[in-house]
Amino acid sequence: MRRFRNVKIVATLGPASSDYETIRALHEAGADVFRLNMSHGDHEEIRERHAIIRQVEKDLNNPVGILADLQGPKLRVGVFVNDAEELENGASFRLDLDETPGDATRVCLPHKEIFDALEVGTTLLVNDGKIRLKVTECGADFAETEVIAGGTISNRKGVNVPDVVLPLAALSEKDKKDLEFVCQLGVDWLALSFVQRPEDVWEARNLANGRAAILSKIEKPAAVKAFEEILDVSDGIMVARGDLGVELPVQNVPPIQKRLIRKCRKVAKPVIVATQMLESMIDSPMPTRAEVSDVATAIYEGADAIMLSAESAAGSFPIEAVTTMNNVAVEVESDATYTEIIEASRIADRKTVADGIVAAAREIAETTDIKAICCYTQSGTTALLVSRERPRVPIIALTPLRDTARRLALSWGTDCVVISGDVDRFKQAVVNAARAARMGGYATEDDQILVTAGVPFNVTGTTNILRVAPCAERLIYAHDPE
């Protein structure tokens, strides 16, 4: 299924998008990857949605990526006698480990690890930052705070602690059970919530044991500070602007987004921009102009993917939201300014033969009449390197491994084709590439394509051949080397 855009779309599934007809319609409208949110829905519901995605994939004969988003450690206050209280600016408010229902002066915060990390002057944010508390005194089991920004506090509202790195594992016991469950199901990506340090990623990687790629969500100041170390041990990144915008001043988020996207592009790792992209479409069939501009900005910055959350999971217009996102992407990428921005921001860390091969492929494709870059890839690395170059021509990734094709569904510009049978000669690789280009509508028999591959075949990391090839098979058989 050819997309007439390069940026990928991730759609979250939920109550509004849990049946076959809707999920198929979402994919046909433009969703390349489906997100299963482990914070919502039990294992049986997740299993059913996973099975439907795979059935849609089979029926449409098109690789579809599945991303399981682990909940992570959720910090919440306890309950109140009256369910909710009003906190006034300047008032004192105590947090402690006493499970007695709270009132206007105190409430339980059942997370001893928070008290272990607090210091006088630390800021606590409650209910997505609507309430701001400043610690004036603290101990092993309590914190006295001053209400800096008051408001309504109610049962089990979330708590953010932006000033400190909390001694919390990124994976709770629930996360570990969920991780094993979705890995056995066969998801392609695991998204880790509230990553603070590279060690958090290693824990998930060890548990996944190669069964899924690891994507780190950047939503805490500590993760921004340690970003390069986290990126180094991750397979991909999500700029999760929701919590990031709570824990940091909102004006800090746009430059952070831009900086993180560029760093991901430099090392050829996919990056998703997420949260509140078309928020108003939860209830409206039309987005705001500001939301359209926000989506466009992420595309202009060169993000690999843009994501819908509640818009497709629980909103009234899930298909319209995906369609809108697709239409914005097509329009932005047809703008000459888009090409100028993407090429001006091209920064690559080229150190290997494969780096040189894909850079040369882009240069040749953009200076001659080449219709597509076709790359044979076992692990997906070559396709990621080609994607990093952001070429002006389509990228066709050919792989014998369906898992590789599914993971590449998240990467900018890649159209993934699963090839059957063993390929042990370069001529056969060129023939397969030409057939894929013709069948996908990228080229005709009169056109030329570029083919990259590694010899020996089916060995990871051996990209060493670049060939300009005709799409006419009679010419390939007549002139191409074995």
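**View 1. Polar contacts where domain 1 meets domain 3.** In this predicted model, 12 residue pairs are in polar contact between domain 1 and domain 3, counting pairs with both residues at pLDDT 80 or more. On the domain 1 side, the elements that put two or more residues against domain 3 are strand E1 (8-13), helix H2 (43-60), strand E13 (213-218), helix H9 (253-266) and helix H13 (336-344).

**View 2. Salt bridges across the same interface, domain 1 to domain 3.** How many salt bridges does the rule find across the interface of domain 1 and domain 3? It turns up 2. For a close-up, take glutamate 57 and arginine 406: they form a salt bridge, and their closest N and O atoms sit 2.6 Å apart.

**View 3. The domain 1 and domain 3 contact as a whole.** At the join, 29 residues of domain 1 are in contact with 20 residues of domain 3. Together the two domains bury about 1900 Å², with 52% of that on carbon and sulfur atoms. Which residues of domain 1 lose the most area to domain 3? Those are Lys8, Pro63 and Ala268, which together account for 29% of what the domain 1 side buries.

View 4. The rule's count comes to 34 salt bridges, and the one to look at here joins arginine 35 to aspartate 69, with the closest N and O atoms 2.8 Å apart. Arginine 35 belongs to strand E2 (residues 33-37) and aspartate 69 to strand E3 (residues 65-69), so this pair ties together parts that are 34 residues apart in sequence. As background, side chains of opposite charge can pair when their charged atoms come close.

**View 5. An open sheet of 6 strands.** Read across, the strand order is E6-E5-E9-E8-E7-E11, and the pairing is mixed. Strand E6 (106-108) and strand E11 (159-160) are the edges, each pairing on one side only.

**View 6. Zooming in on E7 and E11.** Strand E7 (residues 123-126) and E11 run antiparallel, joined by 2 bridges. Which residue stands opposite valine 126? That's valine 159, in E11.

Technical notes
Residues are numbered from 1 along each chain as its sequence is written. This is a predicted model: local features need pLDDT of at least 70, side-chain atom pairs count only at pLDDT 80 or more; totals for chains, interfaces and linings use all residues. Side-chain values use heavy atoms; hydrogens and water are left out. Two strands pair if DSSP finds at least two bridges between them. Helices (H or I, at least four residues) and strands (E, at least two) are DSSP runs, numbered from the N terminus. Contact means heavy atoms within 4.5 Å. Buried area is the accessible area (1.4 Å probe) that two parts lose on being put together, summed over both. A salt bridge is a side-chain nitrogen of Lys or Arg within 4 Å of a carboxyl oxygen of Asp or Glu. A polar contact is a pair of N or O atoms within 3.5 Å; within protein, one must be able to donate a hydrogen and the other to accept it, and residues adjacent in sequence count only if both atoms are side-chain atoms.
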